[in-house]
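These are my notebook entries on a single protein chain. I set down what I looked up and what I found.

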Amino acid sequence: MTVVTRGVPQPHAMDTRSLLERIPLFARFDDEARARLAARCLTRTHGAGHVLFTTGEPCRGLYIVASGRVRIYRTSPTGREQVLHTEGPGRPVAELPLFDGGPYPASAVTEVQSRLVFLPRADFEALYRENPDVAEEVIRELGKRLRHLVRVAETLAFRDVAARLASFLSEYAEQYGTETAAGTEIVLDRTREELSQELGTARESVSRALKQLAQKGVIRTLARRRILIPDVTRLRTLGRPGERARYE
(Lines give C-alpha, C1' and ligand atoms only; values in the text may rest on other atoms or scores of the structure.)
Protein backbone atom coordinates (compact mmCIF):
# COMPACT_ATOMS: atom_id res chain seq x y z
CA MET A 1 0.00 0.00 0.00
CA THR A 2 1.48 3.38 -1.03
CA VAL A 3 -0.36 5.80 1.16
CA VAL A 4 1.13 9.09 0.05
CA THR A 5 -0.06 8.65 -3.50
CA ARG A 6 -3.67 8.13 -2.47
CA GLY A 7 -6.24 10.82 -1.82
CA VAL A 8 -6.69 14.19 -3.38
CA PRO A 9 -3.61 16.43 -3.52
CA GLN A 10 -4.24 19.78 -1.86
CA PRO A 11 -2.51 23.10 -2.43
CA HIS A 12 -0.60 24.37 0.60
CA ALA A 13 -3.30 26.88 1.49
CA MET A 14 -2.71 26.02 5.13
CA ASP A 15 0.55 27.09 6.71
CA THR A 16 2.38 23.80 7.25
CA ARG A 17 5.07 25.54 9.25
CA SER A 18 2.47 26.84 11.71
CA LEU A 19 1.04 23.34 12.01
CA LEU A 20 4.48 21.96 12.87
CA GLU A 21 4.84 24.61 15.58
CA ARG A 22 1.75 23.20 17.34
CA ILE A 23 3.36 19.78 17.76
CA PRO A 24 5.54 19.45 20.88
CA LEU A 25 8.22 17.52 19.00
CA PHE A 26 8.74 20.38 16.52
CA ALA A 27 7.82 23.36 18.72
CA ARG A 28 11.41 23.94 19.90
CA PHE A 29 13.01 23.48 16.50
CA ASP A 30 14.44 26.67 15.05
CA ASP A 31 12.70 28.36 12.14
CA GLU A 32 15.18 27.02 9.60
CA ALA A 33 14.65 23.40 10.70
CA ARG A 34 10.85 23.76 10.57
CA ALA A 35 11.05 25.42 7.17
CA ARG A 36 13.09 22.48 5.83
CA LEU A 37 10.58 19.98 7.14
CA ALA A 38 7.58 21.97 5.90
CA ALA A 39 9.05 22.07 2.41
CA ARG A 40 9.17 18.26 2.34
CA CYS A 41 5.63 17.70 3.62
CA LEU A 42 2.80 16.46 1.41
CA THR A 43 -0.85 17.33 2.03
CA ARG A 44 -3.75 14.98 1.17
CA THR A 45 -7.46 14.81 1.91
CA HIS A 46 -8.95 11.37 2.59
CA GLY A 47 -12.55 10.31 3.10
CA ALA A 48 -13.85 8.51 6.17
CA GLY A 49 -12.64 4.93 6.48
CA HIS A 50 -9.35 5.39 4.66
CA VAL A 51 -6.64 3.11 6.11
CA LEU A 52 -3.38 5.02 6.50
CA PHE A 53 -1.36 2.00 7.58
CA THR A 54 -1.76 -1.35 9.33
CA THR A 55 0.12 -3.07 12.14
CA GLY A 56 3.51 -4.37 11.03
CA GLU A 57 3.90 -2.29 7.88
CA PRO A 58 7.26 -0.53 7.41
CA CYS A 59 7.13 3.07 8.57
CA ARG A 60 7.10 5.51 5.66
CA GLY A 61 6.77 8.68 7.71
CA LEU A 62 4.76 10.80 10.10
CA TYR A 63 1.17 11.96 9.63
CA ILE A 64 -0.18 15.18 11.13
CA VAL A 65 -3.91 15.83 11.34
CA ALA A 66 -4.71 19.25 9.86
CA SER A 67 -8.47 18.63 10.07
CA GLY A 68 -10.66 15.64 10.78
CA ARG A 69 -9.97 12.67 13.04
CA VAL A 70 -7.79 9.52 12.93
CA ARG A 71 -8.31 6.39 15.02
CA ILE A 72 -5.27 4.38 16.17
CA TYR A 73 -6.10 0.78 17.07
CA ARG A 74 -4.97 -2.81 17.41
CA THR A 75 -6.94 -5.86 16.32
CA SER A 76 -6.90 -9.16 18.21
CA PRO A 77 -6.66 -12.57 16.44
CA THR A 78 -10.41 -12.93 17.01
CA GLY A 79 -11.09 -9.62 15.25
CA ARG A 80 -11.81 -7.51 18.33
CA GLU A 81 -10.64 -3.93 17.96
CA GLN A 82 -8.99 -2.06 20.82
CA VAL A 83 -8.71 1.69 20.25
CA LEU A 84 -5.45 3.05 21.66
CA HIS A 85 -6.22 6.70 21.04
CA THR A 86 -7.87 9.07 18.59
CA GLU A 87 -6.04 12.08 17.19
CA GLY A 88 -7.63 15.35 16.06
CA PRO A 89 -6.39 18.59 14.46
CA GLY A 90 -2.83 19.54 15.28
CA ARG A 91 -1.92 16.05 16.52
CA PRO A 92 0.75 13.71 15.09
CA VAL A 93 0.07 10.10 14.11
CA ALA A 94 2.72 7.34 14.16
CA GLU A 95 5.62 9.27 15.64
CA LEU A 96 7.06 6.25 17.52
CA PRO A 97 8.27 4.24 14.48
CA LEU A 98 9.56 7.49 13.03
CA PHE A 99 12.07 7.49 15.90
CA ASP A 100 13.09 3.84 16.27
CA GLY A 101 12.95 2.75 12.63
CA GLY A 102 10.61 -0.15 13.36
CA PRO A 103 7.28 -0.99 11.71
CA TYR A 104 3.99 0.65 12.60
CA PRO A 105 2.95 -0.87 15.98
CA ALA A 106 -0.77 -0.29 15.34
CA SER A 107 -3.21 0.50 12.55
CA ALA A 108 -4.71 3.89 11.69
CA VAL A 109 -7.90 4.85 9.85
CA THR A 110 -9.69 8.15 9.23
CA GLU A 111 -12.99 8.36 11.12
CA VAL A 112 -14.28 11.34 9.13
CA GLN A 113 -13.05 13.19 6.06
CA SER A 114 -9.60 14.33 7.08
CA ARG A 115 -6.85 16.52 5.71
CA LEU A 116 -3.44 15.10 6.61
CA VAL A 117 0.09 16.40 6.29
CA PHE A 118 2.66 13.67 5.62
CA LEU A 119 6.36 14.01 6.47
CA PRO A 120 8.56 11.32 4.84
CA ARG A 121 10.77 9.49 7.32
CA ALA A 122 13.95 9.94 5.26
CA ASP A 123 13.66 13.74 5.40
CA PHE A 124 13.13 13.71 9.15
CA GLU A 125 16.09 11.34 9.66
CA ALA A 126 18.39 13.60 7.67
CA LEU A 127 17.55 16.56 9.92
CA TYR A 128 17.79 14.40 13.05
CA ARG A 129 21.33 13.25 12.18
CA GLU A 130 22.59 16.73 11.32
CA ASN A 131 21.15 18.64 14.29
CA PRO A 132 21.91 17.65 17.93
CA ASP A 133 19.07 19.88 19.20
CA VAL A 134 16.60 17.90 17.14
CA ALA A 135 17.97 14.66 18.61
CA GLU A 136 17.39 16.00 22.13
CA GLU A 137 13.76 16.82 21.36
CA VAL A 138 13.27 13.34 19.92
CA ILE A 139 14.48 11.82 23.21
CA ARG A 140 12.08 14.04 25.18
CA GLU A 141 9.17 13.05 22.95
CA LEU A 142 9.97 9.36 23.30
CA GLY A 143 9.83 9.75 27.07
CA LYS A 144 6.42 11.45 26.86
CA ARG A 145 5.08 8.71 24.58
CA LEU A 146 6.29 6.00 26.97
CA ARG A 147 4.53 7.71 29.88
CA HIS A 148 1.34 7.88 27.80
CA LEU A 149 1.48 4.16 27.04
CA VAL A 150 1.99 3.41 30.75
CA ARG A 151 -1.13 5.45 31.55
CA VAL A 152 -3.11 3.57 28.88
CA ALA A 153 -2.07 0.22 30.37
CA GLU A 154 -2.93 1.41 33.90
CA THR A 155 -6.30 2.68 32.76
CA LEU A 156 -7.32 -0.61 31.18
CA ALA A 157 -5.97 -2.73 34.03
CA PHE A 158 -6.98 -0.89 37.19
CA ARG A 159 -9.79 1.59 36.56
CA ASP A 160 -13.50 1.02 36.19
CA VAL A 161 -15.39 2.51 33.27
CA ALA A 162 -16.45 5.68 35.10
CA ALA A 163 -12.83 6.36 36.07
CA ARG A 164 -11.63 5.73 32.52
CA LEU A 165 -14.27 8.08 31.17
CA ALA A 166 -13.39 10.76 33.73
CA SER A 167 -9.73 10.55 32.73
CA PHE A 168 -10.59 10.70 29.02
CA LEU A 169 -12.93 13.69 29.37
CA SER A 170 -10.47 15.66 31.50
CA GLU A 171 -7.69 15.17 28.92
CA TYR A 172 -10.09 16.03 26.12
CA ALA A 173 -11.15 19.21 27.93
CA GLU A 174 -7.54 20.29 28.41
CA GLN A 175 -6.85 19.90 24.68
CA TYR A 176 -10.10 21.05 23.08
CA GLY A 177 -12.22 22.69 25.79
CA THR A 178 -13.60 26.22 25.77
CA GLU A 179 -13.59 28.17 29.02
CA THR A 180 -16.94 29.66 30.09
CA ALA A 181 -18.22 31.30 33.25
CA ALA A 182 -19.76 27.97 34.30
CA GLY A 183 -16.67 25.85 33.59
CA THR A 184 -15.05 24.16 30.61
CA GLU A 185 -17.28 23.19 27.70
CA ILE A 186 -16.42 20.52 25.15
CA VAL A 187 -18.07 19.26 22.00
CA LEU A 188 -17.50 15.50 22.01
CA ASP A 189 -16.79 14.46 18.43
CA ARG A 190 -17.36 10.76 19.10
CA THR A 191 -20.43 8.56 19.28
CA ARG A 192 -20.96 6.39 22.35
CA GLU A 193 -19.99 3.40 20.24
CA GLU A 194 -16.67 5.05 19.37
CA LEU A 195 -16.15 5.98 23.02
CA SER A 196 -16.75 2.38 24.10
CA GLN A 197 -14.07 1.17 21.67
CA GLU A 198 -11.60 3.74 22.93
CA LEU A 199 -12.29 2.91 26.58
CA GLY A 200 -12.25 -0.84 26.02
CA THR A 201 -15.81 -1.50 27.17
CA ALA A 202 -19.42 -1.83 25.96
CA ARG A 203 -21.61 1.02 24.71
CA GLU A 204 -24.09 0.44 27.54
CA SER A 205 -21.27 0.79 30.09
CA VAL A 206 -20.33 4.17 28.63
CA SER A 207 -23.95 5.34 28.95
CA ARG A 208 -24.02 4.24 32.60
CA ALA A 209 -20.69 5.93 33.29
CA LEU A 210 -21.93 9.22 31.80
CA LYS A 211 -24.95 9.07 34.10
CA GLN A 212 -22.75 8.33 37.11
CA LEU A 213 -20.50 11.30 36.43
CA ALA A 214 -23.54 13.54 35.88
CA GLN A 215 -25.07 12.37 39.18
CA LYS A 216 -21.83 13.25 40.97
CA GLY A 217 -22.03 16.73 39.46
CA VAL A 218 -18.66 16.55 37.71
CA ILE A 219 -20.19 16.84 34.23
CA ARG A 220 -23.39 18.25 32.79
CA THR A 221 -24.63 16.96 29.44
CA LEU A 222 -25.96 19.64 27.12
CA ALA A 223 -27.46 19.49 23.62
CA ARG A 224 -25.62 18.42 20.46
CA ARG A 225 -22.87 16.40 22.13
CA ARG A 226 -21.85 19.33 24.30
CA ILE A 227 -20.66 18.60 27.82
CA LEU A 228 -19.99 21.14 30.55
CA ILE A 229 -17.28 20.32 33.09
CA PRO A 230 -17.56 22.67 36.09
CA ASP A 231 -14.16 21.64 37.51
CA VAL A 232 -11.67 19.80 35.28
CA THR A 233 -9.31 19.16 38.22
CA ARG A 234 -12.06 17.41 40.15
CA LEU A 235 -12.98 15.31 37.13
CA ARG A 236 -9.34 14.36 36.58
CA THR A 237 -9.05 13.26 40.20
CA LEU A 238 -11.98 10.89 39.77
CA GLY A 239 -9.99 9.17 37.07
CA ARG A 240 -7.06 8.37 39.34
CA PRO A 241 -6.95 5.05 41.22
CA GLY A 242 -7.30 5.46 44.98
CA GLU A 243 -8.33 9.13 44.86
CA ARG A 244 -12.06 8.87 44.26
CA ALA A 245 -13.37 8.45 47.79
CA ARG A 246 -13.24 12.14 48.69
CA TYR A 247 -15.83 12.89 46.00
CA GLU A 248 -18.10 9.88 46.50
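Entry 1: I worked from a predicted model throughout. I began with an open sheet of 4 strands, whose order is 3-8-5-6 and whose pairing is antiparallel. I noted strand 3 (51–53) and strand 6 (81–87) as the edge strands, each pairing on one side only. On average, neighbouring strands of this sheet are turned by 30° against each other, direction ignored.

**Entry 2: strands 5 and 6.** I then asked how many bridges join strand 5 to strand 6. I found 6 bridges between strand 5 (residues 70–75) and strand 6, and the two run antiparallel. For Arg71, I looked up the bridge partner in strand 6 and found Thr86. I also checked the side chain of Arg71: its charged end sits over the ring of Tyr73, 5.4 Å from the ring centre.

**Entry 3: helix 8.** I looked for a helix lying across these strands. Helix 8 (residues 192–199) lies across strand 5 and strand 6, and runs at about 105° to strand 6. Which residues of helix 8 are buried? I recorded Glu194, Leu195, Ser196, Glu198 and Leu199 as buried; two glutamates, Glu194 and Glu198, are in that list. After helix 8 comes Gly200, and I noted that its phi is positive, near 70°.

Entry 4: I turned to another open sheet, in which 4 strands follow the order 10-11-13-12 with antiparallel pairing. Its edge strands are strand 10 (178–180) and strand 12 (220–221), and each pairs on one side only. Strand 12 pairs with strand 13 (residues 226–229) over 2 bridges, in the antiparallel sense. I located Thr221 opposite Ile227 of strand 13. Helix 7 (residues 161–176) packs on the sheet, where it touches strand 10, strand 11 (183–187) and strand 13. I noted that the direction of helix 7 makes about 90° with that of strand 11.

**Entry 5: Leu165.** Is Leu165 buried or exposed? Leu165 counts as buried because its relative accessibility is 0%, and the cut-off for buried is under 20%. I listed what Leu165 touches, leaving out residues up to four places away in sequence: Leu195, Leu199, Val206, Ala209, Leu210 and Leu213. Leu195 and Leu199, from that list, are among the buried residues of helix 8. I also looked up the C-alpha separation of Leu165 and Leu213, which is 8.8 Å, although they stand 48 residues apart along the chain.

Entry 6: I searched for disulfides and found 0 in the structure. Two cysteines were checked for burial. Cys41 has 4% relative accessibility and so counts as buried. Cys59 has 9% and therefore counts as buried. Ring pairs link Phe53, Tyr63, Tyr104 and Phe118 into a cluster. I noted that Phe53 of this cluster falls within the range of strand 3 (51–53).

**Entry 7: the whole chain.** The protein chain has 10 helices and 13 strands. Of its 248 residues, 46% count as buried. What share of the contacts with a separation of 6 or more comes from residues 24 or more positions apart? I recorded 71% for the protein chain.

Definitions and conventions:
Residues numbered from 1 in each chain as written. Predicted model: local features only at pLDDT ≥ 70, side-chain atom pairs only at ≥ 80, totals over all residues. Heavy atoms only, no water. Phe/Tyr/Trp six-rings, centres within 6.5 Å; stacked < 30°, edge-to-face > 60°. Lys NZ or Arg CZ within 6 Å of the ring centre and 35° of its normal. Pairing = 2+ DSSP bridges. Axes fitted to C-alpha atoms, helices over the stretch in contact; angles between N-to-C directions. Contact = heavy atoms within 4.5 Å. Buried < 20%, exposed > 50% of the residue type's maximum accessible area, 1.4 Å probe, protein only. Disulfide = S-S within 2.5 Å.
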